[in-house]
Amino acid sequence: MMDRKGECQAGSVSAVVAARNRPERLRLLLQSLRSQEIRPTEVIVVDDGSEPPLPSFDGVTVQVRLEASAGACRARNIGLAHCTGEYVLIVDDDAELVDCSLVRRALELAQRVERLGAIAFRQVDADGKPQWMQPLPGEQLRLAPTFYGYGALLSREALRISGCFFEPLQYYYEENELCMRLLEHEFTVLYDPSLEIVHHLDAKGRNDRFIHRLVWRNTMFTVIARFPAWLIPAGLVAAFVRWVRLTLQWKELHFTDFWWGGVGLLTNFPELLRQRAPIRLATIRRLRSLRSKVVPPQLRALSEGVVETASVK
C-alpha cells in the first residue's frame, strides 16, 4: 500500500494518525501538529470504525472512514497509501507534540543517517515525566530494535522496500515485527530520547487484559511468519516464557488467555503461511544485540554533530 501518489516530496513529512473514539484527544494532537516549527505537509487521519464517526477536523488533508474497526495496522497502511512525503510521522491519536521543534529535529537527524528506517521517540506524561515503556533505557542516541506507535518518524522509501505494517497483527507488537523487516533490509532504526512526545494513554478503548492477550498472540504470529523454519519451535517456547514472566509481573496471568492465543494462532495459521517471509538468523542476532548500551563511534559522532551524515550498522 505505497506510492499511489507517485514520487515523494524530498525532505517533506506526512503525518498519519489511526484514530478511534477519541475526538477530543485527536483535536489536541492536530492542534499540536499545526504548532510545529516545521509542519507536516499533509495530515492523514484514518477513522478506524469510531462510534459515532469522527467529525471533520481543520488542518486534515485526507480523512478516511472505516465502517468497522480493522486495527491499527490496517488503518495506518491505508494512511500510508495517501502519503507523498519523504518521511512519515506515525503518531497515536492520544498523543501530543508539546515540543514545537520535535518534527524539525527529527527531520534533521533523519537526513543525516544513511539508509534510515525509523527514529523512535521517547514517551512522557503530561508533566514531562518519562513513561515506564520506552524503546530502550538511557539518555543517549542509540541503535534500537523497535519503535512504538505513539510517535516515530519513518522513511517512506524504507517502507516501500521492506513493506508496511503486518495486518494480521491488527495492533500491538506490530512495530517489533516491522523493525525485523527493516533490519533485514539493512535499514537503521534509532532511538533518540531527546525527541519527547506526550502520550496521554487515554483509557477509552484501552484494556490491559486484552493487551496482554494480543502481545502473546502477536508474538506467536511473528515467530511463524518471520523466523526460519528450524527456529520456530524454540521461538514459540521463548515467546511463551517471556509472556508468562510479563503477565506475572503485571499480575495479569490467566490460563484462558493461553488458550485464546492458541486458538487465534490455529485460526490464522493459513494466512500466516501465505504471507510468510523468513528473516535471516543474522538479523535475529542483531535484534538481540541492540539491547546493549554500547554506542557505536559513528552514532556518537553523529549525535555530537561531528559528521554531517553517517552510515550506522
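Mentor: Start with accessibility: buried means under 20% relative accessible area, exposed over 50%, and partly exposed in between (1.4 Å probe, protein chains only). Glutamate 139 has a relative accessible area of 62%, so it is exposed. Keep in mind that this is a predicted model, where local features need pLDDT of at least 70, side-chain atom pairs count only at pLDDT 80 or more, and totals for chains, interfaces and linings use all residues. Residues are numbered from 1 along each chain as its sequence is written, and side-chain values use heavy atoms, with hydrogens and water left out.

Trainee: With which residue does glutamate 139 form a salt bridge?

Mentor: A salt bridge is a side-chain nitrogen of Lys or Arg within 4 Å of a carboxyl oxygen of Asp or Glu. The partner of glutamate 139 is arginine 122, with the closest N and O atoms 2.7 Å apart. This pair links distant parts of the chain, 17 residues apart: glutamate 139 is in the loop between S6 and strand S7 (142-143), and arginine 122 is in strand S6. Helices (H or I, at least four residues) and strands (E, at least two) are DSSP runs, numbered from the N terminus. Arginine 122 counts as buried because its relative accessibility is 8%.

Trainee: How many salt bridges does the rule give?

Mentor: The count comes to 22. One of them joins the side chains of aspartate 47 and arginine 65, at 3.1 Å from N to O. Aspartate 47 lies in strand S2 and arginine 65 in strand S3, so the pair ties together parts that are 18 residues apart in sequence. Aspartate 47 is buried at 2% relative accessibility, whereas arginine 65 is partly exposed, with a relative accessible area of 25%. Salt bridges also link Asp47, Glu51, Arg65 and Glu67 in a network.

Trainee: What should I look for in the backbone?

Mentor: Look at the peptide bonds and the phi angles. The peptide bond from glutamate 51 to proline 52 is cis, with omega near 0°, and proline 52 is found in the loop between strand S2 (42-48) and strand S3 (62-66). Arginine 115 is not a glycine, yet has a positive phi of about 55°. Glutamate 186, also not a glycine, has a positive phi of about 65° and is found in the loop between helix H5 (174-184) and S9.

Trainee: Which residues lie nearest the centre of the second largest pocket?

Mentor: On a 1 Å grid over the protein atoms alone, a pocket is an open set of points with protein on both sides within 12 Å along at least five of seven lines, a cavity is a set where a 1.4 Å probe fits but cannot get out, and lining residues have an atom within 4 Å of a point. Here, 13 residues line the second largest pocket, and Leu109, Leu141, Asp192, Ser194 and Ser303 lie nearest its centre. Strand S9 gives the most to this lining, with four residues.
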